[in-house]
Amino acid sequence: MPDPFLLMIIFAVSMACLLPCSHQFLFFFEILTSILVMGMFFLQGARLDWEVLTENFKDWRLQGLVLASSYIIFPLMGEALYKIFFTISANGFAGKSLWFGILFLCCLPSTVQSSIALTSMARGNVAAAICAASLSNLVGIVVTPILVGIFVLPKLGLSAGAHDLFGDQFTHAIIRFSWELFLPFVCGQIAGRFIGDILRRHKKLLSFCERGSIALMVYTAFSMAVLGNVWRVINGYDFMAMVGILALILVIMLSLTLFLAEKMKTGDFGNAIAIQFCGSKKALTSGIPMSSALFGTQAGVMSIPLLFYHQFQIFLCALLAKRYAQRPNILEE
């Protein structure tokens, strides 16, 4: 029998393509998604002990590997693929504009919401995923613009000033990170002293917030793409080439992060799941405002690879999470 969560994602994509939410209701869906995300972080905070979190922050192998995946391996791999594909074909198969978007994607931080939700569903180390994904986003506020200045802007014939890199969009990103993710988690930590045991026995509410927020993110993101006439911006050949390149990048990163996690002996398989899911993902919620701040009128085209990679990573990682969840008790591994 098909997994209900995967059916939910497929339904969200189909609905967004056939019946995208109008511009009037887009704000409503963004608010609803934010509420579910805040609820998920509150419940995660209430379920986790502070001592467990501090232990995972101190795990330099785990945290370092996720940061290295996001900000060293990803950009270098993107640059290598760019040179390889443009050596083979004059337009790199997907066209220069989409390739610039792919390089921009490779410079972004890890996504927070879906990394944590899918790690939880896969019975991985949720505390490690929270620490790694949050740290990746905090570091990305500074590192991502620098990487974009190195790998993307020179190819566009542009240069970025301090105002472009650290303007109002990034202030907004910090504020949103604080009130949507950090504040609910801290409140959950405080409330966990009173309701933590109850929540650990009743996981359905957390599961609803996790799956609901991911499904709404997929629907909202694809609706934005459809309303932005994404199908008119790129032709069929370039689209299929982009899909193949994004799938290649995702498979490489999923395989490489798991391989490195096992080789570096980062702990049990629950840690490897957190590294794999956090190290292979890219953040749509951070990428869209960063794209607007850095590329201005070109932001729409630059964001297309990110919109599709976001959906691919959720779909494929949901399959992996389902498989991992069926493994024997994690303590026996």
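This is a predicted model: local features need pLDDT of at least 70, side-chain atom pairs count only at pLDDT 80 or more; totals for chains, interfaces and linings use all residues.
Lys83 counts as exposed, because its relative accessibility is 51% and the exposed class lies over 50%.

Side chains of opposite charge can pair when their charged atoms come close. A search of the whole structure finds 2 salt bridges. In one of them, the side chain of Lys83 meets that of Glu79, with 3.9 Å from N to O. Both residues belong to helix α4, which covers residues 60-88. Glu79 and Lys83 are 4 residues apart there, or about one turn of the helix.

Glu79 also takes part in a salt bridge with Lys155, where the closest N and O atoms are 2.9 Å apart. This pair connects distant parts of the chain, since Lys155 is in helix α8 (residues 153-156) and Glu79 is in helix α4, 76 residues away. Through shared partners, the salt bridges join Glu79, Lys83 and Lys155 into one network.

| Residue | Relative accessibility | Class |
|---|---|---|
| Glu79 | 14% | buried |
| Lys155 | 26% | partly exposed |
| Lys83 | 51% | exposed |

Glu79 is classed as buried because its 14% relative accessibility falls under the 20% limit. Lys155, at 26%, is therefore partly exposed, as that class lies between the buried and exposed limits.

Definitions and conventions
Residues are numbered from 1 along each chain as its sequence is written. Side-chain values use heavy atoms; hydrogens and water are left out. A salt bridge is a side-chain nitrogen of Lys or Arg within 4 Å of a carboxyl oxygen of Asp or Glu. Helices (H or I, at least four residues) and strands (E, at least two) are DSSP runs, numbered from the N terminus. Buried means under 20% relative accessible area, exposed over 50%, partly exposed in between (1.4 Å probe, protein chains only).
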